[in-house]
Amino acid sequence: MPRKLDVKTLGQAQGALRAEARRLLTDGTVSVFLGHEEGWDGLPVAFFAATPEEAGRLVWNPLVAFNLAKYLLDRLAGEEKVGIVVNGCGSLALDRILKDHRFPRERLYVVGIPCTGLLDPEKVLALPDEERERVLEGGEAGEDLYLKRCGWCDAPNPVVYDTLIGDPVPDEPVAQEYPRVVELEAMTPEERFEHFKGLYEKCIRCFACRNVCPACNCRECSLDQWEPLWMGRSTGASEQLMYHFIRAFDVAGRCIRCGECERVCSVGIPLMELNDKFLKDISELFGVKRPHVPADIEPLGQFALEDPDLEGAV
Amino acid sequence: MAGSQATERQAREVASESRPGADWEPVIVAFLCNWCSYAGADSAGTGRMVQPANVRIIRVPCSGRVNPRFIVRAFQRGADGVLVSGCHPGDCHYSTGNFYARRRLLVLKSYLEYLGIDPRRFETHWCSASEGQKWADIVRSISETVKALGPAQTLAGL
């Protein structure tokens, strides 16, 4: 369920975050601190604070929707220690990068902030000025303003952190359901095919979904490879199908269900329809209760002798 | 890129073969593991067992080598059916390769169905080197199934 925005706590968290980042940068624990600052249009953008003074520019508000973990890959070179701020889902993304061994934990200092729900920046920005103020300063946000992922979030508290700012929020288990997948499964194969064909035709292959995804963190992406040429360079539904198949299958079992791919899609393709199918299948076939939470060994990187057999299965 | 030109040419050939007609025959791409199923198919051949000529065999080191993309690509390039066959679970030449394959292909099969591809066009079997008869039966059954389903135009004609 969407959690209730708590503007007062968020304000305190922002102050505490700036103070903590300033402390870390001053005493040399980290040489750079990764957080958000306010962008030109009021939306938070990623920001590497490199001096104690710059720590004052960090923000923490209900709009810090995108996860920062992937920006760590820009800091792979060198030995410097990096500070980073995460909320619940941000920590899942960070955990994904850590479990994939893409960034050494020793080079990280993680500041965690329990999350009381995040708003969809696009939707908030589209509101009239007065209403936006009421939402951001009064915390009066309707349920439709929350990010989709808040609806199924079962990790409001960071799972990885060195310092926690504020008190953990009540963390009740949320049953993972995939209503859209169930809906699609009830359709005939022909209807489904036409449905997905429409999505492929819409895709302009801007790769935003791949670039934002914390699970898409390979050193070299097979979509960029020339040899073998997995995906043809021509545009068309057929190649887009291959693109979306590769993207979804490569994050199968590693997707953290943050829904960022869907949020950043420039043509509004509901990408979670593809990702959720894998999450649903993996939980049903292999009995993984929380398939979106990073595990030491991903579900498709292991096996069990009692896995269902598919010989001749129709 | 000579390699990709050759691939395109092969794709066109496969596509033209699967054009429907009265004497239409399906094209089925089979990925066989080197150690069991390929040898099984070989023993079916040396045993002179009668089997339909619809299956095009691609030899792979292990069923674990079969990237799910191969299967989607085969459908895209005009295959009417795809078959993956490896050693029986527990008998893998590399101990566990087919167990990983089993998980992956299980998820893939469900996903293909989700994307609107008839799941009967994709089969997985376990066939050992001595099971020539079993191989012949597999080929016969998948050929009949796919022939009854008709040409798969969905992916290739997208």
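This report covers a sheet, its helices and the nonpolar cores of a predicted model.

Local features need pLDDT of at least 70 and side-chain atom pairs count only at pLDDT 80 or more, while totals for chains, interfaces and linings use all residues. Residues are numbered from 1 along each chain as its sequence is written, chains are lettered from A, and side-chain values use heavy atoms, without hydrogens and water.

**Sheet.** Chain B holds an open, parallel sheet of four strands, ordered β2-β1-β3-β4. Strands are DSSP runs of E, at least two residues; helices are runs of H or I, at least four. Pairing takes at least two DSSP bridges. β2 (55–60) and β4 (122–126) of chain B are the edges; each has a single partner strand, so one side of each lacks a neighbour in the sheet. Neighbouring strands are turned by 20° on average, direction ignored. β1 (28–33) and β2 of chain B are parallel over six bridges. There, B:Val29 faces B:Arg56.

**Helices.** Contact means heavy atoms within 4.5 Å. Axes are fitted to C-alpha atoms, for helices over the stretch in contact, and angles between N-to-C directions run from 0 to 180 degrees.

| Helix (chain B) | Strands involved (chain B) | Angle |
|---|---|---|
| α2 (residues 37–46) | touches β1, β2 and β3 (81–86) | about 115° with β1 |
| α4 (residues 97–114) | lies across β3 and β4 | about 160° to β4 |

**Cores.** A nonpolar core joins buried Ala, Val, Leu, Ile, Met, Phe, Trp, Tyr and Cys through side-chain atoms within 4.5 Å. Buried means under 20% relative accessible area (1.4 Å probe, protein chains only). The largest core has 66 residues, with B:Phe31, B:Ile71 and B:Phe122 making the most contacts inside it. B:Phe31 touches residues including B:Ile58, B:Val60 and B:Val84. A separate core has 57 residues, among them A:Leu24 and A:Cys258.

How values were computed:
Buried means under 20% relative accessible area, exposed over 50%, partly exposed in between (1.4 Å probe, protein chains only). Lists of a residue's contacts leave out its neighbours within four places in sequence.
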